Amino acid sequence: MRLCGKKCSVGTTCIIRTFVKMEIYDYIIAGQGIAGTVLAQTLLLQGKSVLVIDDPALSKASKIAAGLYNPVVFKRLVKSWLADELIPVMDDFYTGSEKLLNTNFYFKKQIVKIFTEENEKAFWLKKTNEEVGRYLSKTIQDDFLNTIIYNPLGSSEVIHAGNLDTQKFLSAFRDHFAKNNCLLEEKLEYDQLQITENSVTYKNRSASKIIFCEGFKVLENPYFQWLPFKLTKGEIITIQLDAGNEIPVDKVINKGVFILPLGNNTYKVGATYEWADLTEMPTEKGKSDLIDKLNKVIKVPFTVIDHQAGIRPTVNDRRPLLGIHPQYPALGVFNGMGTKGVMLAPFFAKQLVNFLENNIPLDPEVDLKRCK
Ligand SMILES: Cc1cc2nc3c(=O)[nH]c(=O)nc-3n(C[C@H](O)[C@H](O)[C@H](O)COP(=O)(O)OP(=O)(O)OC[C@H]3O[C@@H](n4cnc5c(N)ncnc54)[C@H](O)[C@@H]3O)c2cc1C
C-alpha cells in the first residue's frame, strides 16, 4: 500500500491510498542469455516460480555465438574439461527443450579437423586408443571436399559434436516465458532492489532470491563487480558460397577458423579473441583476420554478408562462477560461461539448483567462494 502523494487541484496532498499488488516468485533471474534461459527453465522444471528480467539490447554474446559444442581440445587432443559429464546433461536439456517448444535448435554435427602437419595424423590415430578416443573417428580421409577445401594432408572427425542455434533457442524461450507471464522486458536497475536476508524486492516483484546472469554486464552490478572476470571480445562473420560449392550441413570445418553451415549455402566463420578492446563494435581488423584465415582453408570465392561482435564472460581461471553473495544470501550469480556457454550451462544450472534447493554443495572449482 502507498499514498498517492500527488497535489490535488485544491492544493492539498492527496491522501487516497492506492494498493500496489505485489507479485511473489521463488526466483528472479536477471538476464536471458544462454545462462539465464537455461537456469530459468531448470527452475521451472523443478516446479519453481520464476520471473526473468531482460533487456536484450545490453549484450550480444549469446545471440551471435556459433553455439558449437566440441568435447575435444584440438591443441593437445585431450577431452575438454568434464566433457563426459557435461554432454549427457546437455543432450537431455536441449532435446527436452526442443520437445517442449516444438522447435528444432539443437543439431548433431561432426567437426572435420583438417590436418596441417604430417605428424598430426599419427598423433590423432594414437589418441583414438586413449580416453579421448570415444570422441575421435578412427578414419583418416584423404580427399574430403577437396574441390572446396585445401586439404593436402587429409582430415578426420570429432564425433558427438554439434551446435545450438542460439538465436532460435533464445527467441523460442523468450516467447515461452512471455506466454507464461515469466518475462519482464526492461533493464534491471540495481538501485531499485530492496534486499533482506531472505528476500529481494524489485519494484512490485518479490522473490526469495535473485540470480544474476548478465554475462559481461555483471561488471555494472554493484554487488558482483569484484568477481575476477577477464573478458574476451569475439568477432564472427557470415559468408555465402556460390551454388554448387556446398559444404554438407552436418559438417563443421576446423582449420584455424571454424566454418559452420547454417543452410541456404551460408556459413558462420569465427571467431577472433581480443582482450584490449571490450566494445561490442565489429572492427575492420577482426573481419580481415577472419578473411585471411578463411582464405587458407577454402579455395572457392565467398561473399561476406554479415559481421558481428560480442563479449564473452571469461574468467581468470576459466571456470564458471556460481553461488551466493558472501554478505547477501538473497543474491546469487550464474555466470562465467566463457567460450563454452552451450556445453556448460545445463550441467551447472542443475548443480546450482541442487545447491539452492537441496543444499548440495557446489563443486569448489566453480563456487564463487574461491574468489575470496
Ligand atoms: C563471437 C563469439 C562466438 C562464440 N561462439 C560460441 C560457441 O560456438 N559455443 C559456445 O558455447 N559459446 C560461444 N561463445 C560464448 C557464448 O556466447 C557465451 O558463453 C554465452 O553467450 C554467455 O551467456 P550469458 O547468458 O552468460 O551472457 P550474455 O549472452 O551476455 O547474456 C546476458 C543477458 O543479460 C542481459 N542483461 C545484462 N544486464 C542486464 C540488466 N541490467 N537488465 C536486464 N538485462 C540485462 C543481456 O542483454 C543479455 O540478454 C561465443 C561468443 C562470441 C562473442
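Is Glu23 buried, partly exposed or exposed?

Tutor: Glu23 is partly exposed, at a relative accessible area of 28%. The model is a predicted one. Glu23 pairs with Arg205 in a salt bridge, with 3.5 Å between the closest N and O atoms. This pair links distant parts of the chain, 182 residues apart: Glu23 lies in strand 3 (residues 23–30) and Arg205 in strand 13 (residues 205–212). Arg205 counts as buried because its relative accessible area is 16%, and the cut-off for buried is under 20%.

For context, the whole structure holds 21 salt bridges. One of them joins the side chains of Lys79 and Asp84, at 2.5 Å from N to O. Lys79 is partly exposed at 23% relative accessibility, and Asp84 is partly exposed at 24%. These two residues belong to a network of salt bridges that also includes Glu131 and Arg134. Another salt bridge brings together Lys113 and Glu120, at 3.9 Å from N to O. Lys113 is buried, with a relative accessible area of 12%.

Lys75, by contrast, is exposed, with a relative accessible area of 82%.

Technical notes:
Residues are numbered from 1 along each chain as its sequence is written. This is a predicted model: local features need pLDDT of at least 70, side-chain atom pairs count only at pLDDT 80 or more; totals for chains, interfaces and linings use all residues. Side-chain values use heavy atoms; hydrogens and water are left out. Buried means under 20% relative accessible area, exposed over 50%, partly exposed in between (1.4 Å probe, protein chains only). A salt bridge is a side-chain nitrogen of Lys or Arg within 4 Å of a carboxyl oxygen of Asp or Glu. Helices (H or I, at least four residues) and strands (E, at least two) are DSSP runs, numbered from the N terminus.
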